[in-house]
Amino acid sequence: SVDRTIRFWDAETGLQIGKPLDEHYSDVNSVSFSPDGKRIVSASRDMTVRIWDTETGRQIGPPLKGHTNYVKSVSFSPDGKRIVSASLDKTIRLWDAETGQQIGQPLEGHTEAVYSASFSPDGKRIVSASGDMTIRLWGAETGLQIGKPLKGHTQGVCAASFSPDGKQIVSASADKTVHIWDYSLQDLIDQTRERFKNRRLTPEERRQYYLE
């Protein structure tokens, strides 16, 4: 909430559980449970990402710092080992969920604020949504952009996420529409071959683009 707190609620009764989590010092924009339900990760206008113990309500470790503007979205990877965050600083960042250390360099390519970023069900890809009116796919291991940006919205894209089977993407935009994107792996392979047609791919790129 913009009241700077995170609150737990009983899904059956609707009653609040325990005290609010109130270590953020500005609006809390996004929260998400870890896959095992033992932790929560939060993103705030205070430019930090924080991890919390769901049983005690205590913050785990120091805040995760690196973004240079509001953090709008945050979520765990399917295995709970990584965290992805999206920010108004136009970047997406990956974090080690155990150590709190940033993994690699920021994912850069969007030309406006990034409002949403989340993992694919298999944890190999990330989808992001931005004010630049595009949705982009990234390799979760390499940080490289996969294929071309998905374009079709006429205003900023507020959110995007994968379907449970990872074969479709749904996006929501300020243009008042929701789009469903159906892309094939072959399309990505063809785009990649075109992109790298003048040189051989490195082993890392081959793994990234599933060309083995």
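Trainee: Which residue forms a salt bridge with Glu141, and how far apart are the closest N and O atoms?

Mentor: The partner is Arg82, and the closest N and O atoms are 3.2 Å apart. Please keep in mind that this is a predicted model.

Trainee: Where in the chain do Glu141 and Arg82 lie?

Mentor: They belong to distant parts of the chain, 59 residues apart. Glu141 sits in the loop between strand E13 (134-139) and strand E14 (145-151), while Arg82 is in strand E8 (residues 82-87).

Trainee: Is Glu141 buried or exposed?

Mentor: Glu141 is exposed, because its relative accessible area of 65% falls over the 50% cut-off.

Trainee: And Arg82, buried or exposed?

Mentor: Arg82 is buried, since its relative accessible area is 13% and the limit for that class is under 20%.

Trainee: How many salt bridges does the structure hold?

Mentor: There are eight salt bridges. Among them is the one between the side chains of Arg93 and Asp89, with an N to O distance of 3.7 Å. Both Arg93 and Asp89 are buried.

Trainee: What about Asp122, which residue does its side chain meet?

Mentor: The side chain of Asp122 meets that of Arg125 in a salt bridge, at 3.9 Å from N to O. That value counts because the cut-off is within 4 Å.

Trainee: How do Asp122 and Arg125 stand in terms of accessibility?

Mentor: Asp122 has 45% relative accessibility and is classed as partly exposed. Arg125, with a relative accessible area of 11%, is buried.

Trainee: Changing topic: which residues make the nonpolar surface patch of about 280 Å²?

Mentor: Val170, Val178 and Ile180 make that patch. Ile180 is part of strand E17 (residues 178-182), and this residue is exposed, with a relative accessible area of 63%.

Trainee: Now pockets. What is the volume of the largest pocket?

Mentor: The volume of the largest pocket is about 240 Å³.

Trainee: How many residues line the largest pocket, and which lie nearest its centre?

Mentor: The lining has 16 residues, and those nearest the centre are Arg7, Phe8, Trp9, Phe33 and Ile40.

Trainee: What is the lining of the largest pocket like by class?

Mentor: The lining comprises eight nonpolar, five polar and three charged residues.

Definitions and conventions
Residues numbered from 1 in each chain as written. Predicted model: local features only at pLDDT ≥ 70, side-chain atom pairs only at ≥ 80, totals over all residues. Heavy atoms only, no water. Helix = DSSP H or I, 4+ residues; strand = E, 2+ residues; numbered from the N terminus. Buried < 20%, exposed > 50% of the residue type's maximum accessible area, 1.4 Å probe, protein only. Patch = residues over 30% accessible without salt bridge, like charges linked within 9 Å, V, L, I, M, F, W, Y side chains within 5 Å. Areas by Shrake-Rupley, 256 points an atom, 1.4 Å probe, with all protein chains shown as cover. 1 Å grid on protein atoms, 1.4 Å probe; cavity = no way out; pocket = protein on both sides within 12 Å on 5 of 7 lines; lining within 4 Å. Points joined across faces, edges and corners; volume = space filled by probe spheres on them. Nonpolar A, V, L, I, M, F, W, Y, C, P; charged D, E, K, R; others polar.
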